[in-house]
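Hello,

Please have it open while you read.

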Amino acid sequence: MVTRLEPDATDGEYRAIIALADMQPGQQADLFALLADKEQLATREGKLFFRVTFRDAHREVTFPIWIDSAWGVACRDAWTPGVIYKLRATYQETKYGPQLEIHKIRAATAADAATNDTDADQTETDVLDPRRFEPGPRQRPDALLGALTALIDEICQEGPLRATLMHILDAHRDTLLNWPASARRHHTYSGGFLEHTLGVATAAVSLARQYTAVFDDIEPALDVELVLAGAVLHDIGKLRELDRTGGATSVTASGSLVGHVIAGRDILREAAAECGLDGEPLLRLEHIVLSHQGTAEHGSPKQPMTPEALIVHHADALDAQLAMMHQTLREDTTPGPMTTHRNALGRAVFRGGE
């Protein structure tokens, strides 16, 4: 939707201020977008380029900026992830996915606020808040945390396991309300961590209850409390793996060198020591955290070796992949029945039709 027309100071023309999500192939317009990511890469021949991602709340566009192009040096030296930029650009859809041909670019300022939103009651701070340029969870983060706590109240009896869960959630409450689940793949927005965790926990508990009834003679009995605890904590190491600055998410040095799986086991052990969780219950919960990625190829030191770990692994994979598929179907504008394969899933998705 065009918010207004404004005069351009350099050429006197009037340019449409339009949302990135509303741009059509071949259309040139002025827009505001968040630089969500910038990654320096090189071709096999050693040619340097930067893979940049600009986005608003409903569309993400990732494309290369070559170092020897008109914007290469500026991109390298001045473009900062987490900053909102005003661009004059042409939107294009190519075989490599959506791209922007940038004609002008500069960081947005408070003076731009009036051109960025039609809501009269929005303050400049609100209008230029990077969180307005990213998707968000379907529920408020505090509601997601409340639902997760209610699930723990329903299933977990008083004792060291429940105390450990609540200790971790309480100690990290403020961070959890603003944390994404990942930097680039799924639930990448503020509140995404809680949305993903609640989705995994709800699915895992449902599966555990189903298979408790199916395999009622299994020894030891399938432990629904342990499944929930593992689901709640499976990604808790992301609090140390990721850094959230403004609207940008990056990987910390600890995330690169240790990773969220081991960091999650560390957070669990620290809380367990304070809450009296030890012995086999702690060992089984540690195993869920360490094995939730499934295989060494995907970052797990161990494959799932208990029924509880297997359930959490599959609930995690399902929630993450469905979120990526939903995003692809929502944002991909490739004509025809199939989306492009250039998405977080790495494969085309069938949207229907012939």
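One term before we start: a residue is called buried if its relative accessible area is under 20%, exposed if over 50%, and partly exposed in between (1.4 Å probe, protein chains only). This is a predicted model, in which local features need a pLDDT of at least 70 and side-chain atom pairs count only at pLDDT 80 or more, while totals for chains, interfaces and linings use all residues. Residues are numbered from 1 along each chain as its sequence is written, and side-chain values use heavy atoms, with hydrogens and water left out.

**Confidence**

pLDDT is the predictor's confidence in each residue, from 0 to 100. The chain average is 88, and 91% of the residues score at least 70. Where pLDDT is low, the predicted coordinates should not be read in detail.

Helices (H or I, at least four residues) and strands (E, at least two) are DSSP runs, numbered from the N terminus. D332 sits in the segment after α13 (307–331). It counts as buried because its relative accessible area is 14%. Which side chain does the side chain of D332 meet in a polar contact? That of R351, at 3.0 Å. A polar contact here is a pair of N or O atoms within 3.5 Å; within protein, one must be able to donate a hydrogen and the other to accept it, and residues adjacent in sequence count only if both atoms are side-chain atoms. Contact in general means heavy atoms within 4.5 Å. Not counting residues up to four places away in sequence, D332 touches Q327, T339, T340 and R351.

How many of the residues of α8 are buried? The count is 10 of 10, running from V224 and E225 through to V232 and L233. The cover over these buried residues includes α4 (141–155), α5 (160–171), α7, α11 (260–275), α12 (279–291) and α13. At the start of α8, a side-chain oxygen of D223 comes to within 3.0 Å of the backbone nitrogen of E225.

E308, in helix α13, belongs to this part of the story. With 2% relative accessibility, E308 is buried. Its contacts, leaving out residues up to four places away in sequence, are A221, L222, D223, L226, V227, R284 and I288. E308 and L228 are 80 residues apart in sequence but 8.9 Å apart in space, C-alpha to C-alpha.

**Backbone points to check**

The peptide bond from E219 to P220 is cis, with omega near -5 degrees. P220 lies in the loop between α7 (192–214) and α8 (224–233). H187 has a phi near 50 degrees, a positive value in a residue other than glycine. H187 belongs to the loop between α6 (173–176) and α7, and is buried at 8% relative accessibility.

P180 is found in the loop between α6 and α7, and it is buried, with a relative accessible area of 0%. Not counting residues up to four places away in sequence, P180 touches H187, T188, Y189, G192, F193, L242, R244 and T249.

**Pockets**

A 1 Å grid over the protein atoms alone was used: a pocket is an open set of points where a 1.4 Å probe fits, with protein on both sides within 12 Å along at least five of seven lines, and lining residues have an atom within 4 Å of a point. Grid points are joined across faces, edges and corners, and a volume is the space filled by probe spheres set on the points.

The largest pocket has a volume of about 1100 Å³. Of its 37 lining residues, T53, E60, T62, R342 and N343 are the closest to the centre. The largest share of this lining, 5 residues, comes from β5.

The second largest pocket holds about 650 Å³. It is lined by 23 residues, of which R185, H186, K238, Q293 and H298 are the closest to its centre. Here α13 gives the largest share of the lining, with 6 residues.

Happy to go through any of this with you.

Best wishes
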